[in-house]
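Me: I would like to learn how to read the features of a protein model, going slowly from the sheet to the helices and then to single residues. Could you take me through one?

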Amino acid sequence: MAPFTTLIARLQPGGSWSWVRRAYRVARLGGITVAIYGAGKTAGHIEVLADPDGMRRQLVHSFVERSFDPGERRTMTPAVHDEWSALHRRVSSVGARIVVAAREHVAAQRSELRRRIAQLAREAQLASDAPPSSQAARAAEDADEARAQDAYWAAAERRLSGQWQWVVTNSQAVNAFVTPYCPRCVFVLEGLLTQLQPTDDELAMVIAHELAHQLHDHGSRTLQHGVEGALLQLLVLSLLDPTGLLELAVSATMQLGSYVSRRQFDRECEAEADATGLDIVTRACFDPVAAARMMSKFVELDPDRSSAWLRSHPLAATRLKRLLSQSGRIEADARAREHCAHEQLDLRAALRALYERSAPPTVAPSAPRGS
Ligand SMILES: [Zn+2]
């Protein structure tokens, strides 16, 4: 009996083996989390396989409802413009050009990467024939990196393939969004079309920006980011013995850290969606200068920055800065597309003017968020 009581004493908090209790708690929490996640995923698969079209209709319907804020829902019924309506036809015709250009953009990235992989393989072969072989090792490393990038763009290609759906809701909010829950769906709210009165070039930029979010898989990566943050919190809290205030303080600090890191990640996603969006718009023969100016049109229409799109897409200097750094390349690409008649553009000057006029964001983003 004595060894057993010694063992129990060692496992108690403060005992020399108390780490075993903590390790067991972490393992048990991990096991429960994986089991819940697995069960949820299987249930989702079963539901989708039973009625794929019905599931998609339900998803679209729930996001149409979510595009209305509660105040708006009290005065009007959420609905979708049918595909023969003028608003829907306009969005789908601009959108169709954007989808083709986005696929071309991805194909161009992949073809450039494949050319680079072949060149690096030749370099590695030549270097291995003539020692020292550190050059060969470097070329092999670069080729591995290029292959990883190609896998990224291959996944983007899969996300873009298939039929795209354009959903124009009758909400009067100025917003457009995509969601990882409904792949290849772009939601455009009537308010964006009627209040902003975008030209085709401007509408193209909004759609290309949203499509770029799906191309780069920002929605799923944001979800994953949130899950990782929650798991980390679970892990830390399971390691600590609950001691009231300490647990509260750790939990609050971790939530704050997770919020700050999420905001940083969102800003990076927005800048990436702008840059890819502008590439796609240019490739589709829309005017990139007019497309870039679209961002300031949101601010001019809504100086209080109260529209849903502006709340989730503040015209931050960092977004314009990134576009500015790429303006030379985008201009050169545009000029190379002779059939588009892009010769007269001065994208850099237009972006610089926007950059000088842009004020730092003053309103914190809040739900419902466009993405
Ligand atoms: Zn966005």
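Me: Before that, what kind of model is it, and how are its residues numbered?

Reply: This is a predicted model, in which local features need pLDDT of at least 70 and side-chain atom pairs count only at pLDDT 80 or more, while totals for chains, interfaces and linings use all residues. Residues are numbered from 1 along each chain as its sequence is written.

Me: How should I read the sheet, and what is the order of its strands?

Reply: Strands of a sheet pair through backbone hydrogen bonds, either parallel or antiparallel. Helices (H or I, at least four residues) and strands (E, at least two) are taken here as DSSP runs numbered from the N terminus, and two strands pair if DSSP finds at least two bridges between them. In this model three strands form an open sheet in the order S1-S3-S2, and the pairing is mixed. Strand S1 (165–169) and strand S2 (176–177) are the edges, and because each has a single partner strand, one side of each has no neighbour in the sheet.

Me: Which strands pair in the parallel sense, and which run antiparallel?

Reply: Five bridges join S1 to strand S3 (residues 185–189) in the parallel sense, whereas S2 and S3 run antiparallel and are joined by two bridges.

Me: Is S3 mostly covered or mostly uncovered?

Reply: A residue is buried if 20 or more other C-beta atoms, placed from the backbone, lie within 10 Å of its own, exposed if 12 or fewer, and partly exposed in between. By that count S3 is mostly covered, with four of its five residues buried.

Me: How do I read a pair of packed helices, and at what angle do H2 and H9 pack?

Reply: Two packed helices are described by the angle between their axes and the distance between the axes. The axes are lines fitted to C-alpha atoms, for helices over the stretch in contact, and the angles run from 0 to 180 degrees between N-to-C directions. Helix H2 (residues 18–50) and helix H9 (residues 218–239) pack at about 150°, with their axes 8 Å apart. Angles under 35 degrees count as roughly parallel, over 145 as roughly antiparallel, 65 to 115 as roughly perpendicular and the rest as oblique, and H2 and H9 are therefore roughly antiparallel to each other.

Me: Which residues of H2 and H9 meet?

Reply: Two residues are in contact if their C-beta atoms, placed from the backbone, lie within 7 Å. On the H2 side these are Arg22, Arg25, Val26, Leu29 and Thr33, which meet Leu231, Leu234, Leu235, Ser238 and Leu239 of H9. The residues of this contact between H2 and H9 divide into six nonpolar, two polar and two charged, where Ala, Val, Leu, Ile, Met, Phe, Trp, Tyr, Cys and Pro count as nonpolar, Asp, Glu, Lys and Arg as charged, and the others, Gly among them, as polar.

Me: How do H8 and H10 lie to each other?

Reply: The axes of helix H8 (200–215) and helix H10 (residues 245–283) come within 7 Å and cross at roughly 120°, and H8 and H10 are therefore oblique to each other. The H8 residues in the contact include Ala204, Ala208 and Leu215, and those of H10 include Cys269, Gly277 and Val281. The contact of H8 with H10 divides into 10 nonpolar residues, four polar and one charged.

Me: Which residues have a positive phi although they are not glycines?

Reply: Among them are Gln197, with a phi of about 45°, and Asp217, with a phi of about 60°. Gln197 lies in the loop between helix H7 (190–196) and H8, and Gln197 is exposed because 11 other C-beta atoms lie within 10 Å. Asp217 is in the loop between H8 and H9, and with 18 other C-beta atoms within 10 Å Asp217 is partly exposed.

Me: Where is Trp153 found, and what does Trp153 touch?

Reply: Trp153 belongs to helix H6 (residues 134–160), and its 18 C-beta neighbours inside 10 Å make Trp153 partly exposed. Not counting residues up to four places away in sequence, Trp153 touches Val106, Gln109, Arg110 and Leu113. Trp153 and Leu215 are 62 residues apart in sequence, yet their C-alpha atoms are 8.7 Å apart in space.
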